[in-house]
There are 2 protein chains.
Amino acid sequence: MRKRKGAGRPTIADVAKKAEVSTITVSRTLRDPAKVSTALRERIEAAIAALDYVPHSHASALASSRSNIVGVIVPSLTNNVFADTLRAIYDEVDPSPLQVQLGNSRYVAAEEERLIRIFLGQRPSALIVAGGDQTKAARAMLENADCPVVQIMEVDPDPVDMMVGFSHYEGGRAAGMHLVQQGYRRIGFIGARMDPRSRRRMEGFAEGLRTAGRHDPDLFMITTQSSSMTLGAELMGQLRARRPDLDAVFCNNDDMALGALFGCQHAGISVPDEIGIIGFNDLEMMAAACPSLTSIRTDRYEIGRTAVDMIRAALEGERPDQKVVDLGFELQARQSTARKARR
Amino acid sequence: MRKRKGAGRPTIADVAKKAEVSTITVSRTLRDPAKVSTALRERIEAAIAALDYVPHSHASALASSRSNIVGVIVPSLTNNVFADTLRAIYDEVDPSPLQVQLGNSRYVAAEEERLIRIFLGQRPSALIVAGGDQTKAARAMLENADCPVVQIMEVDPDPVDMMVGFSHYEGGRAAGMHLVQQGYRRIGFIGARMDPRSRRRMEGFAEGLRTAGRHDPDLFMITTQSSSMTLGAELMGQLRARRPDLDAVFCNNDDMALGALFGCQHAGISVPDEIGIIGFNDLEMMAAACPSLTSIRTDRYEIGRTAVDMIRAALEGERPDQKVVDLGFELQARQSTARKARR
DNA sequence: TTGTACGCGTTATCAC
DNA sequence: GTGATAACGCGTACAA
């Protein structure tokens, strides 16, 4: 005999035999119970329980050429910004038959391309990727993917398919205008990592300052190192050493901003009176800090929720109201940029 | 004819036809190129490239009853503690053919059980789950899973299969002893979420205090709310209101500790002189804060790395040196518990 | 509402 | 070293 031994686990056929029905009836009971008579359904459900039967998802995917997999590719697992969005995606996907397949591109475009290729090998139901800065090959693969694709965290007039996020450029610009309005004059920028989104924030910020005649490129300090609080403190120190007249900074994210605050505190510099600080994203810690820190609030959870919603709608054949959803942002002004009147 | 139309993507058969070989040879070229002659291999590789062929992972999983999937179940996606471990897992798994399937149990045991069931449906190559507090049914499923299982973040004499982590009880005890040694006398505890691991930390902490005759249950304040900096500040305020004589607290994690520090700062209370604060995990922010915060350092990245290593070894048939690996912890004493001598 | 027959794309088995 | 053929477990198409 040439029989192969499967993993040994019970199959749909075992269930069918035990319940004295055909396999297709078991299959239907699993996927669309309403199509099966109550009597049979109960017998089948009992058999499933008795055998501890677990459907084989790969066999199902192969037979139906649908995988129920939603591929999600983010550039970082430790960045809280993505953590909130991921949580939303998992929360939304969980009650449905869909499953998340998560990839970490580590802010490397080539790695993102590799992950897209791998995920495509699973014939996913949908794909969610961060941002709009894919390699040419990656973009081509996404455009040819025969499934809905949602780009998140940004808005762009030319999405692969759908998009939900906000304008980083405008967020940065709002930060710049805020500092000017608060009376700061020698306004700098501290940026780590400087991925494309951080870069757009910086550009918007520069534009905001330029409009007010307050743009001084010498006060901008960036690095490609990953962002961290320690690095925020360090860059703050370096920038002050170079330009002691500095009186405010926009940090490209909240970790950098809180680190910059700690740096000032260790150095005995008063925030906001000597230096104003504003961050980006408004993580929970910003409101808790002492002094509380001004930031640009973005709704990361809602981005994830909306992305899954768009996917679900697309899978159900609905046409979305809009291909690109701009969730905006909101400046949260707090103590760290509220300095007393200049004497 | 009753032919079905696949998704339209090229299959291994298309590659075989183009290269004028049989499908099995293509399959071998993909999985074990050494078993195929150079001439054929080159022809096949050219055909793969020409057709942009991507292997269908579900078909492969079905035929081989091996899936290359490593299921990972953690209780939280936003908790930085797991973020570091996840990053390590992804880093380790990425260069191998293995793929991560991530589940979020949200600190709900029943949800964890559900995820284990789903993951088992994918016939995973291995499973990684957080902790050792599964439901009875979940534990049974894990024990019957015919794949390596690694429980992470804890150590326990009775693992399902393998385990890597550290003792939360001992970590808590070390925190207690440290506060006593630093001269604090009315020592409290602030705890949020209070999942089983937090609970063990608290128990170890209480034991540490008890040994020194400093255990006062009235100074322990816990809640089931999720931990956050805001909550840390809040509980700190409540505890001080109830017991103004409080002079030190152990917070069940670093977020709570930093929040407690912020709370003190907003209230004008000096840390460490009036109140000492110690956290748990030693996230990067602890060293950066002002004052820097004492914490119990745990090597979360190494936990993830080790877990994947153990899996790889098990899949290659090696017998591990030890089923349970204790990575330990290290107390990082900093400013927040270094008060000046009592006058 | 339920069942029969076959195909999904790949790999294990056995033969050459 | 290479190939023919039969599984792998399930879903679709069609029939009853």
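Student: What share of the 343 residues of chain A count as buried, and what makes a residue buried?
Tutor: Of those 343 residues, 55% count as buried. Buried means under 20% relative accessible area, exposed means over 50%, and partly exposed is in between (1.4 Å probe, protein chains only). Before we go on: this is a predicted model, where local features need pLDDT of at least 70, side-chain atom pairs count only at pLDDT 80 or more, and totals for chains, interfaces and linings use all residues. Residues are numbered from 1 along each chain as its sequence is written, chains are lettered from A and ligands numbered from 1 in the order in which they are written, and side-chain values use heavy atoms, with hydrogens and water left out.

Student: How many helices and strands does chain A have?
Tutor: Chain A comes to 13 helices and 12 strands. Helices (H or I, at least four residues) and strands (E, at least two) are DSSP runs, numbered from the N terminus.

Student: Why is chain A called more spread out than a compact globule?
Tutor: Set its radius of gyration against the globule rule. The radius, taken over C-alpha atoms, is compared with 2.2 Å times the number of residues to the power 0.38. For 343 residues that rule gives 20 Å, but chain A has 26 Å, well over it, so chain A is more spread out than a compact globule. Along the principal axes, its C-alpha atoms fill a box of roughly 90 × 40 × 40 Å.

Student: Why is Asn104(A) called buried?
Tutor: Asn104(A) has 3% relative accessibility, so it counts as buried. You'll find Asn104(A) in strand S2 (residues 99-104) of chain A.

Student: What is Asn104(A) in contact with, leaving aside its neighbours within four places in sequence?
Tutor: Contact means heavy atoms within 4.5 Å. For Asn104(A), the partners include Val74(A), Glu111(A), Tyr90(B) and Asp94(B). Val74(A) is 30 residues away along the chain, yet the two C-alpha atoms are separated by 5.3 Å.

Student: What makes a set of residues a nonpolar core, and how many residues has the largest one?
Tutor: A nonpolar core is a set of buried Ala, Val, Leu, Ile, Met, Phe, Trp, Tyr and Cys residues joined through side-chain atoms within 4.5 Å. The largest one has 91 residues, and those with the most contacts inside it are Leu102(A) and Leu102(B). Apart from that core lies another, of 60 residues, with Ala192(A), Ala260(A), Ala260(B) and Cys264(B) among them. As background, nonpolar side chains tend to be buried together in soluble globular proteins.

Student: Which residues does Leu102(B) contact, leaving aside its neighbours within four places in sequence?
Tutor: Among them are Tyr90(A) and Leu102(A) from chain A, along with Val72(B), Leu86(B) and Phe119(B) from chain B.

Student: How do you know whether Ala260(B) is buried or exposed?
Tutor: Its relative accessible area is 0%, so Ala260(B) is buried. Ala260(B) belongs to helix H11 of chain B, and its contacts beyond the sequence neighbours include Gly232(B), Met236(B) and Ile277(B). Asp14(B), on the other hand, is 246 residues from Ala260(B) in sequence and 64 Å from it in space, C-alpha to C-alpha.

Student: What about His168(B): buried or exposed?
Tutor: At a relative accessible area of 5%, His168(B) is buried. This residue is in helix H8 (residues 168-181) of chain B, and its contacts beyond the sequence neighbours include Met153(B), Arg197(B) and Phe280(B).

Student: Why is Asp52(A) called partly exposed?
Tutor: Asp52(A) has 37% relative accessibility, so it counts as partly exposed. Asp52(A) is in the loop between helix H3 (38-51) and helix H4 (57-64) of chain A, and has a positive phi of about 55° although it is not a glycine. In chain B, Asp52(B) has phi near 55° as well, and at 40% it also counts as partly exposed.

Student: What kind of peptide bond runs from Cys290(A) to Pro291(A)?
Tutor: That bond is cis, with omega near 0°. Pro291(A) is in the loop between helix H12 (284-288) and strand S10 (295-297) of chain A. Over in chain B, a cis peptide bond joins Val271(B) and Pro272(B), where omega is about 15°.
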